[in-house]
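Let's take a friendly walk through a protein model together. Have a look at the structure below, and then we will start with a single residue.

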Amino acid sequence: MNKQPTQSLINHQLAGVDVASVSKSIINRLVFSVGKDDITATARDWFHATAFMTRDRLIERWMETMRSYYVADAKRVYYLSMEFLMGRTLMNSLLNLSFEKACSEALQQQGVDLRQVSEMEPDAALGNGGLGRLAACFLDSMATLNLPGYGYGIRYEYGMFAQRIEGGRQVEHPDNWLRYGNPWEFPRPEVLYQVKFGGRVVEFSDEHGVPRHHWVDTEDVMAMAYDSPIPGFATPTVNNMRLWAAKASRDFDLKYFNEGNYIKAVEDKNESENLSKVLYPQDSTAMGRELRLRQQYFFVCASLQDILYRFSKFHHDFGELPDKVAIQLNDTHPAIAIPELMRVLVDVNHLGWEKAWDITTRTFSYTNHTLMSEALETWPVAMLEQLLPRHLQIIYEINHRFLIEVMHSFPGDNEMRQRMSIIGEEGGKRVRMAHLAIVGSHKVNGVARLHTELMKQTIFADFDRFYPGKIVNMTNGITPRRWLNQANPSLAALITSRIGDGWIKDLDQLRRLIPLAEDAQFRQEFAAVKRANKQDLAEKGKRYFGLDIDADSMFDVQIKRIHEYKRQLLNVLHVVTLYKRICDDPQSDTVPRTVIFGGKAAPGYAIAKLIIRLINDVADIVNNDIRIHGRLKLVFVPNYGVSVAESIIPAADLSEQISTAGTEASGTGNMKLALNGALTIGTMDGANVEILQEVGEENIFIFGLTTEEVAKLRAGGYRPEDYYHANRELRQVIDMIAGGFFSPEEPARYKPIVDNLLARGDHYLLLADYAAYVACQAKVEAAYRDQDQWLRKVILNVANMGKFSSDRTIRDYAEQIWKAKPVSR
């Protein structure tokens with residue numbers, strides 16, 4: 001029954017956030033929800049009791065928020081993403097609801113430490129890197145800005161794998177983040193949608209002679225909803241993230257069960273529920289690729305049914321859909337939503353094609369995250385034909401109509417039509433999902449100014465000509481609530497003591513720190529905060545890795561997904577260069593440096609995994625060479641994720657953002673590190689360009705080829721061996737790696753890496769940028785020696801990070817793409 005929302009069912013006062021109320025709630029939850037008392041409770045029990053207490057306070061605000069959206073008949077934003085890298089929720093929720101201190105005091109009365117309790121929460125690692133973390137930041141900002149925003153994704157039973165380093169190698173282990181339950185989620189067994197696969201399409205004409213299509217003989221899976229509240233900061237708004245878990249359409253086949261074949265009876269159930277088992281199954285096999293496509297359609301199909309159900313409660317004309325619904329596709333993973341909405345409108349609701357297409361294109365918008373053509377997602381036509389036969393027909397029809405328009409606009413240019421076609425012919429027929437997303441959306445955005453310009457000039461140049469104004473820029477941002485207020489409480493407190501706490505919701509207020517760069521007392525206090533953060537990380541390094549790290553050394557940090565284009569290998573070449581210099585001249589005056597790596601390599605990405613092993617092998621030699629006297633340390637921090645980042649980022653002095661120019665779409669690690677007082681060494685790539693513009697070229701270390709120079713060098717025939725022979729240090733470093741200096745038990749271990757650099761063309765131009773990188777690192781070292789001047793640069797970096805708040809990004813999306821307005825109460 002659709003009941004018009006009027007008055008809240010919650011008539012009592014909101015649960016208190018004073019110490020007494022919080023303390024009483026925690027004890028009640030410990031006893032009645034966890035089933036323990038204060039004598040038998042473990043740290044994990046206290047975590048669950050505290051989480052339930054916090055959730056109670058979220059629920060009240062959450063229900064009122066959902067009700068207010070119905071009352072306002074607000075346009076809603078739906079953010080569809082295969083990844084949500086949420087991290088831990090407890091501290092974020094306490095800070096956003098402004099009762100972290102009350103909670104800490106309430107627990108102290110029980111002899112319990114809040115920080116220790118919060119450490120018991122596992123990371124909800126439902127993402128791989130920047131894409132998923134961006135989605136999480138966006139949900140935070142939508143709630144903080146009072147925008148009616150919802151996240152939709154998959155409730156993976158196992159998140160991104162847990163990484164362990166064994167014998168220097170990355171070894172993947174299951175990340176069973178739900179082992180102890182998830183106190184933040186609400187299972188919704190009544191919110192259950194059917195998702196179809198396979199089968200065949202029956203074509204017929206209805207009584208009016210209109211062609212109709214019926215998708216029959218399908219195998220079905222059910223999608224069940226799990227809801228998690230997403231609180232904004234200092235606002236009553238609490239939005240929703242809804243994740244889908246796969247459930248079998250029936251528990252088991254009674255026929256097989258009665259015959260005593262229990263394994264066969266539950267086989268279909270298990271196979272169905274595998275759909276939401278693992279984040280990003282290995283796609284190096286046909287079965288893995290098929291599962292990945294199934295996952296994409298599974299969550300898109302369920303989400304669209306849910307969106308349309310909510311819309312249809314109070315609206316009966318699908319023509320109103322674009323006025324009430326905005327759907328953002330986070331990369332191409334959810335792009336199958338475009339033909340799915342067409343199928344629902346045309347096949348199920350019998351709208352005409354033109355009207356349905358107009359509704360669809362005005363509803364969707366698409367975010368592109370890559371410039372690398374090999375990373376643009378495509379699916380074999382044969383696979384779609386088998387799994388989603390009706391969708392393939394719709395895609396062909398979309399493409400047919402689109403190419404006619406292209407022909408009319410550019411008659412005779414058949415090559416352009418081939419380049420723009422949604423169906424690619426190279427290497428067998430494949431559906432180009434980025435092309436589908438562009439054609440089916442009213443706006444397409446890049447995630448940094450340079451990235452967007454390169455989209456228009458390179459991979460999507462034809463689309464920019466055909467759709468002038470469709471491709472726009474939305475530079476990424478990060479939430480200051482998690483990445484400064486929560487991750488770096490000491491620095492947050494220092495900033496607040498000088499300019500107030502308004503910066504937490506308005507990051508531009510950090511500009512008020514600019515005069516303080518010249519304040520000796522402030523510089524001293526800032527240095528003390530950084531030193532304490534470094535000491536804290538050094539103690540964790542000792543505890544977890546048995547390493548003695550000098551907190552007074554420069555912490556040189558590169559933490560991100562391990563990929564060749566991100567050039568962790570270039571960093572390693574520099575480490576070996578420094579090592580050799582110290583060995584050759586043990587009395588040299590070298591700034592002590594601790595180089596910290598963190599990141600995961602995709603399980604099937606052999607060369608990335610070999611780079612991890614090289615880092616660890618180099619570390620083993622460097623860290624144990626008595627000639628070094630602690631002047632150089634190399635650390636690989638395993639199992640990098642949100643919580644690990646929250647420990648490393650506040651301690652960083654130098655931020656390595658050294659991707660080949662033209663390869664990184666934006667990057668957000670660069671923003672997090674700069675916001676926490678690390679200076680950037682980087683190329684003119686991604687958002688580095690805009691950070692340079694904000695902080696000034698004297699407060700950042702830029703080196704290397706530009707995008708234009710990269711293109712010119714490649715066009716002229718790049719010969720990496722010329723750089724190898726011309727640079728003695730480079731040659732010595734590569735020869736050490738190639739000759740087994742760091743792997744004496746297996747001298748040829750790193751032959752694939754060396755071959756990539758010399759014999760296979762050095763695709764990401766490490767050798768071309770090596771000399772400039774080493775020279776720039778020397779400038780870094782010189783600057784670090786003058787700590788007073790270094791601190792001025794650091795403070796000016798922090799002060800000029802206002803642009804990179806995800807609040808600014810979301811405000812731009814809301815105004816320029818979604819046309820959505822805040823709903824205040």
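Leaving aside residues up to four places away in sequence, Thr 663 touches Tyr 565, Asp 685 and Tyr 764, where contact means heavy atoms within 4.5 Å. Before going on, note that this is a predicted model, in which local features need pLDDT of at least 70, side-chain atom pairs count only at pLDDT 80 or more, and totals for chains, interfaces and linings use all residues. Residues are numbered from 1 along each chain as its sequence is written, and side-chain values use heavy atoms, with hydrogens and water left out.

Where does Thr 663 lie? You can find Thr 663 in the loop between β22 (654-657) and α25 (669-675); helices (H or I, at least four residues) and strands (E, at least two) are DSSP runs, numbered from the N terminus. Thr 663 counts as buried because its relative accessibility is 6% (buried means under 20% relative accessible area, exposed over 50%, partly exposed in between, with a 1.4 Å probe and protein chains only). The side chain of Thr 663 also reaches the backbone oxygen of Thr 660 at 2.6 Å.

α22 (residues 568-584) has 17 residues and reaches 25 Å from its first C-alpha to its last, close to the 24 Å expected at 1.5 Å a residue (the expected span is 1.5 Å times one less than the number of residues). Of the 17 residues of α22, 14 are buried, so the helix is largely enclosed by the rest of the structure.

Now for the sheets. Strands of a sheet pair through backbone hydrogen bonds, either parallel or antiparallel. Here, two strands pair if DSSP finds at least two bridges between them.

Another open sheet has nine strands in the order β7-β10-β11-β4-β1-β12-β13-β17-β18, with mixed pairing. Its edge strands, β7 (186-197) and β18 (471-473), each pair on one side only.

| Strands | Sense | Bridges |
|---|---|---|
| β15 and β16 (residues 430-432) | antiparallel | two bridges |
| β1 (residues 76-80) and β4 (residues 149-154) | parallel | four bridges |

Val 77, in turn, stands opposite Gly 149 in β4.

Terms used:
A polar contact is a pair of N or O atoms within 3.5 Å; within protein, one must be able to donate a hydrogen and the other to accept it, and residues adjacent in sequence count only if both atoms are side-chain atoms.
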